[in-house]
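Trainee: Could you walk me through this model with some questions and answers? I'd like to see how each answer is reached.

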Amino acid sequence: MSANSADTGRLLEVVLVKGGRTKIRYPAELLQDDGTRIVVRAPFAGGTVRDFGFVRFEPGDVFTEYYWRDRWYAVMEVRDPAGALKGWYCDIARPAVLSGTELIVEDLDLDLWRSADGTDVRRLDEDEFAQSGLSRTDPGAAAAAVAALDELAALARTERFEALLA
């Protein structure tokens with residue numbers, strides 16, 4: 001389903017599922033849906049500060065989130081309340097599903113961070129992924145997740161990364 005001009009601006013609920021359970025739900029404004037990529041904007045949904053050491057997500061931060069129906073990742077552009085770019089947080093996830101007003105995303109435990117200036121690219125949570133048992137329970141999904149992380153990590157080190165979001 002692609003959004004027409006009447007659909008953009010409507011509210012969706014992003015539903016992040018992890019390990020078969022809903023991890024978080026939050027409202028987001030639909031900015032674009034071209035049938036393959038869905039773009040939404042939402043305020044930071046964490047409630048309290050999340051300090052990762054290399055970046056802090058804080059109340060007031062704004063996330064522009066890019067989801068694909070045919071790719072195994074999602075990319076979140078993170079800006080502070082004044083609009084300054086902090087960077088991009090990328091979730092490795094099954095392809096997104098838009099069902100009614102719910103955008104359902106199944107997180108597969110692997111993540112990637114790219115700083116605003118592109119000099120800091122970090123693969124995250126590979127230990128969690130190994131412990132998840134996905135490679136045993138769904139080897140195809142595990143292989144797709146690792147390939148998606150490798151693809152994003154390679155893109156994040158180039159100028160082509162930002163073109164992915166244009």
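Predicted model: local features only at pLDDT ≥ 70, side-chain atom pairs only at ≥ 80, totals over all residues.

Trainee: What percentage of the residues count as buried?

Mentor: Buried means under 20% relative accessible area, exposed means over 50%, and partly exposed is in between (1.4 Å probe, protein chains only). Of the 166 residues in the chain, the buried share is 43%.

Trainee: Is Glu 77 buried or exposed?

Mentor: Glu 77 sits in strand β7, residues 73–79; strands (E, at least two residues) and helices (H or I, at least four) are DSSP runs, numbered from the N terminus. Its relative accessibility is 13%, so Glu 77 counts as buried.

Trainee: Which side chain does the side chain of Glu 77 join in a polar contact?

Mentor: A polar contact is a pair of N or O atoms within 3.5 Å; within protein, one must be able to donate a hydrogen and the other to accept it, and residues adjacent in sequence count only if both atoms are side-chain atoms. For Glu 77 that contact spans 3.0 Å, and the partner is Arg 79.

Trainee: And which side chain makes a polar contact with that of Asp 109?

Mentor: Asp 109 belongs to strand β10, residues 102–115. With a relative accessible area of 12%, Asp 109 is buried too. Its side-chain polar contact is 3.2 Å, and the partner is Lys 18.

Trainee: What is the relative accessible area of Val 15?

Mentor: Val 15 lies in strand β1, residues 11–18. Leaving out residues up to four places away in sequence, Val 15 touches several residues, including Ile 24, Leu 103 and Val 105; contact means heavy atoms within 4.5 Å. Val 15 is buried, and its relative accessible area is 4%.

Trainee: What distance separates the C-alpha atoms of Val 15 and Leu 98?

Mentor: Along the chain, Val 15 and Leu 98 are 83 residues apart.

Note on methods: Residues numbered from 1 in each chain as written. Heavy atoms only, no water.
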